[in-house]
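This briefing covers overall shape, domain layout and the contact between domains. Please look over the sequence and model first.

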Amino acid sequence: MGVIVDKAIYRNGRRQGCGDLSDELDVLRLSQDGFLWIGLKDPTDEEFELVNEELHLHPLAVEDAVNGHQRAKIEKYESSVFVVLKTLRYIESTSDIETGEVMLFIGDRFVVTVRHGEGNPLAGVRQRLETEPERLEHGSMTVLHAVMDSVVDNYLVVDREVRKDLEAIEEQVLGSEVGGEANTIYRLKREVLEFRRASQPLADTLTQFMERARGQALSEEMLPFFRDVADHLRLVNDHVESYDRLLTDVLSAHLASVSVKQNEDMRRISAWVAIAAVPTMIAGIYGMNFQSIPELTVSMHVGGREIYYGYFIALGVMAAACLGLFRAFKRSGWL
């Protein structure tokens, strides 16, 4: 059965080999000692059905596990608990957050973990637990806690990376004349929203699960461990909320900066248009085809030659007007 990544029986916190699933479960249930842990990775319908035939999982939970793309949740069925966790992976090269899923079936003497996507591999979780047999002695809920703790710890890693990206964008927007790019801000805001979709539902459903399962599926010994996960999750959610608000403020600051820059550009353009309008007006007046324009016919005799200087007077008036307007706009800050 190639879909099974790993499978083992745990008795007294120690790993043991696993044979036929149905036979092993019968032995575990008769002895009321230990549990079976099966790990699956991206199973198809047909592949998952092979496991389901042996474990008789709830059909609604099986449908969710095969289809994937579920909201983070913890569902209690008659004889089992079904858990969906959204995994996150930060991609350094693109600053994107990649999402995946880990699903757990916890039943009578068995745990099944189903992983979709490349985020949050569970091999390390299993190996760490196998080095702490005293934890595995608490049963299958130890596996749920360890997987959930690993997922939430990874949220903290992504949290730190998002904070770095946010600080870089904030510095770019507030410390640069250009004011950054709106696309970069929008992209990070979208990643923060993806982050929130993963962490917020888990916090709500975990709180409800601890209240409902206390003293039943969840022993008093395990309760402090789940409270610790819930505390970390609340911290992450607080950060995500603050990031979203700060990104909104940064976007507003960016748009204000762009607006100010556009206003400055419009003032400069208006000033140059005003300067250019003066010589254009003068040239337009003297370019009209009137019968008589005295200023164009004024002349003086120099060395026996008659020199018409109206043209030079018009140019001088243009230059003086343009220079005067330039100095006036410069003093007012328009140029």
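A polar contact is a pair of N or O atoms within 3.5 Å; within protein, one atom must be able to donate a hydrogen and the other to accept it, and residues adjacent in sequence count only if both atoms are side-chain atoms. The model discussed here is predicted. On that rule, zero residue pairs in polar contact, with both residues at pLDDT 80 or more, are found across the interface of domain 1 and domain 2.

**Overall shape**
- The radius of gyration of the protein is 37 Å, whereas a compact globule of 335 residues would have one near 20 Å.
- Along the principal axes, the C-alpha atoms occupy a box of roughly 135 × 40 × 30 Å.
- The secondary structure of the protein comprises 10 helices and nine strands.

- Four residues from domain 1 and four residues from domain 2 take part in the contact.

**Interface of domain 1 and domain 2**
- The size of an interface is often given as the accessible area lost when the parts come together.
- Here, the area buried between domain 1 and domain 2 is about 290 Å².
- Carbon and sulfur atoms give 39% of that buried area.
- The side of domain 1 that touches domain 2 has three nonpolar residues, one polar residue and no charged residues.
- Zero salt bridges are found by the rule across the interface of domain 1 and domain 2.

Definitions and conventions
Residues are numbered from 1 along each chain as its sequence is written. This is a predicted model: local features need pLDDT of at least 70, side-chain atom pairs count only at pLDDT 80 or more; totals for chains, interfaces and linings use all residues. Side-chain values use heavy atoms; hydrogens and water are left out. Contact means heavy atoms within 4.5 Å. Buried area is the accessible area (1.4 Å probe) that two parts lose on being put together, summed over both. A salt bridge is a side-chain nitrogen of Lys or Arg within 4 Å of a carboxyl oxygen of Asp or Glu. Ala, Val, Leu, Ile, Met, Phe, Trp, Tyr, Cys and Pro count as nonpolar, Asp, Glu, Lys and Arg as charged, and the others, Gly among them, as polar. Helices (H or I, at least four residues) and strands (E, at least two) are DSSP runs, numbered from the N terminus. The radius of gyration is taken over C-alpha atoms; the globule rule is 2.2 Å times the number of residues to the power 0.38.
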